[in-house]
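Here are my notes on the model, point by point. Please read them with the structure open.

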Amino acid sequence: MSDDVLARHDATALAALIRDGELTPTEVTEATIARIEALDGDVNAVIHPAFERGLAEAASPDLADGPFRGVPMLMKDLWPSTAGEPLHLGNKALAAAGYVHPTDADLTVRYREAGFVMVGRTNTPELGLVATTEPESHGPSRNPWDLARSPGGSSGGAAAAVAAGMVPAANASDGGGSIRIPAAHCGLVGLKPSRGRVPMGPMQEEWSVSVQHVVCHTVRDCA
């Protein structure tokens, strides 16, 4: 597949290409991994790659036949956990300890049911508390439009990855602007949904001021 297909198609269009048999989930996942490997040394968006697992999910006969079947997805390294994968919340101590979470969050389960293929986790400031993504644990993420500038935060790694064309959409969360600020910095669509719209469990009470959603290229993907 051409690099432009991955870099500039939204998730809805990419899912349609897979559904119509023009691309396979494995081909799209392989292209995603190649693009992350080529670009992330400069951008520092993807701090926990899960490439082998993503390839296995893409090739599995159990891949869910949801509306986004075969489309790669990155999870923000904050609250939505992925079983068997690191969850460091931007925290230096958790990173040093190499903490791995035992369960999938409810939202992770729903992403999988929609057919998304998880290929890694993205950078975030410690506990998602500030509007830039520069944690001591994993270093700063950089804006792919200008590497001297910030992608904002706290979903800065997610926004940088989508703006760089690594994936068409990435999990993000917003309490005081953490979806909207990086979307604005990186030229993406970013919406903070109403509380109660998207599940936060089982790690968090429903609801805090923060809510889960995505950063993406288009309004239809956001919807």
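1. Start with β6. This strand is mostly covered: six of its six residues are buried. Keep in mind throughout that the model is predicted.

2. Next, the pairing with β4. Strand β4 covers residues 169-174 and runs antiparallel to β6. Six bridges join the two strands. For a specific pair, look at S173, whose bridge partner in β6 is Q212.

3. β5 also pairs with β6. These two strands run antiparallel as well, joined by two bridges. Here G190 has V215 of β6 as its bridge partner.

4. Now the loop between β5 (189-190) and β6 (211-216), where P202 is found. Is P202 buried or exposed? P202 is exposed, because its relative accessible area is 54% and the cut-off for exposed is over 50%.

5. What does P202 touch, leaving aside its neighbours within four places in sequence? P202 is in contact with D104, A105 and D106. P25 is another matter: P202 and P25 are 29 Å apart in space, C-alpha to C-alpha, and 177 residues apart in sequence.

6. Last, a surface feature. L127, L129 and V130 make a nonpolar surface patch of about 280 Å². V130 sits in the loop between β3 (117-122) and α7 (156-163).

Methods
Residues numbered from 1 in each chain as written. Predicted model: local features only at pLDDT ≥ 70, side-chain atom pairs only at ≥ 80, totals over all residues. Heavy atoms only, no water. Helix = DSSP H or I, 4+ residues; strand = E, 2+ residues; numbered from the N terminus. Buried < 20%, exposed > 50% of the residue type's maximum accessible area, 1.4 Å probe, protein only. Contact = heavy atoms within 4.5 Å. Patch = residues over 30% accessible without salt bridge, like charges linked within 9 Å, V, L, I, M, F, W, Y side chains within 5 Å. Areas by Shrake-Rupley, 256 points an atom, 1.4 Å probe, with all protein chains shown as cover. Salt bridge = Lys/Arg side-chain N within 4 Å of Asp/Glu carboxyl O. Pairing = 2+ DSSP bridges.
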